[in-house]
Amino acid sequence: MPTKHPRISFLADEELRQKLERMADEQHRTLSNMVYAICQDAAKQWEEQKQKTSASEDKGQ
């Protein structure tokens, strides 16, 4: 099925792949969906941290 989402690839060692697969199985997700969810969470945390840092810098001026 074609998708409108861009494709991203990366290399992982066997140990990481197995851990991600176990995580996906526990959450009844596909491996691809598990990696997507992890990336979404990481991006959200990065944005929140960036906002906190920016707000702290603004108060210090």
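The side chains of Asn33 and Arg29 are joined by a polar contact of 2.6 Å. A polar contact is a pair of N or O atoms within 3.5 Å; within protein, one atom must be able to donate a hydrogen and the other to accept it, and residues adjacent in sequence count only if both atoms are side-chain atoms. The model is a predicted one, in which local features need pLDDT of at least 70 and side-chain atom pairs count only at pLDDT 80 or more, while totals for chains, interfaces and linings use all residues. Residues are numbered from 1 along each chain as its sequence is written, and side-chain values use heavy atoms, with hydrogens and water left out.

Asn33 belongs to helix 2. Helices are DSSP runs (H or I, at least four residues), as are strands (E, at least two), and both are numbered from the N terminus. Asn33 is partly exposed, with a relative accessible area of 32%. On this scale, buried means under 20% relative accessible area, exposed means over 50%, and partly exposed lies in between (1.4 Å probe, protein chains only). Between Asn33 and Ile8 there are 12 Å in space, C-alpha to C-alpha, and the two are 25 residues apart in sequence. Ser54 also lies in helix 2. Ser54 is partly exposed at 34% relative accessibility. Ser54 and Lys44 are 10 residues apart in sequence, and their C-alpha atoms are 15 Å apart in space.

Helix 1 covers residues 14-26. The helix has 13 residues and reaches 18 Å from its first C-alpha to its last, close to the 18 Å expected at 1.5 Å a residue. The expected span is 1.5 Å times one less than the number of residues. Gln18 is placed in helix 1. Its relative accessible area of 36% makes Gln18 partly exposed. The C-alpha atoms of Gln18 and Leu31 are separated by 9.9 Å, with the two residues 13 apart along the chain.

Three salt bridges were found in a search of the whole structure. A salt bridge is a side-chain nitrogen of Lys or Arg within 4 Å of a carboxyl oxygen of Asp or Glu. Side chains of opposite charge can pair when their charged atoms come close. Arg17 is partly exposed at a relative accessible area of 30%, and Glu14 is partly exposed at 43%.

Arg17 also forms a salt bridge with Glu21, the closest N and O atoms being 2.7 Å apart. Arg17 and Glu21 are four residues apart in helix 1, about one turn. Glu21 is partly exposed, with a relative accessible area of 30%.

Another salt bridge joins the side chains of Glu15 and Lys19 (3.2 Å, N to O). These residues both lie in helix 1, four residues apart, about one turn of the helix. An α-helix has 3.6 residues a turn, so residues three or four places apart point the same way. Glu15 counts as exposed at 51% relative accessibility, whereas Lys19 is partly exposed at 39%.

Helix 1 is followed by His28. This residue lies in the loop between helix 1 and helix 2. His28 has a positive phi of about 55° although it is not a glycine. Most residues other than glycine have a negative phi. His28 counts as exposed, at 77% relative accessibility.

The largest pocket holds about 600 Å³ of space. Of the 13 residues that line this pocket, Pro6, Arg7, Ile8, Ser32 and Tyr36 are the closest to its centre. On a 1 Å grid over the protein atoms alone, a pocket is an open set of points with protein on both sides within 12 Å along at least five of seven lines, and lining residues have an atom within 4 Å of a point. Grid points are joined across faces, edges and corners, and the volume is the space filled by probe spheres (1.4 Å) set on the points. Helix 2 (residues 31-60) gives the largest share of the lining, six residues. The lining divides into eight nonpolar, four polar and one charged residue. Ala, Val, Leu, Ile, Met, Phe, Trp, Tyr, Cys and Pro count as nonpolar, Asp, Glu, Lys and Arg as charged, and the others, Gly among them, as polar.
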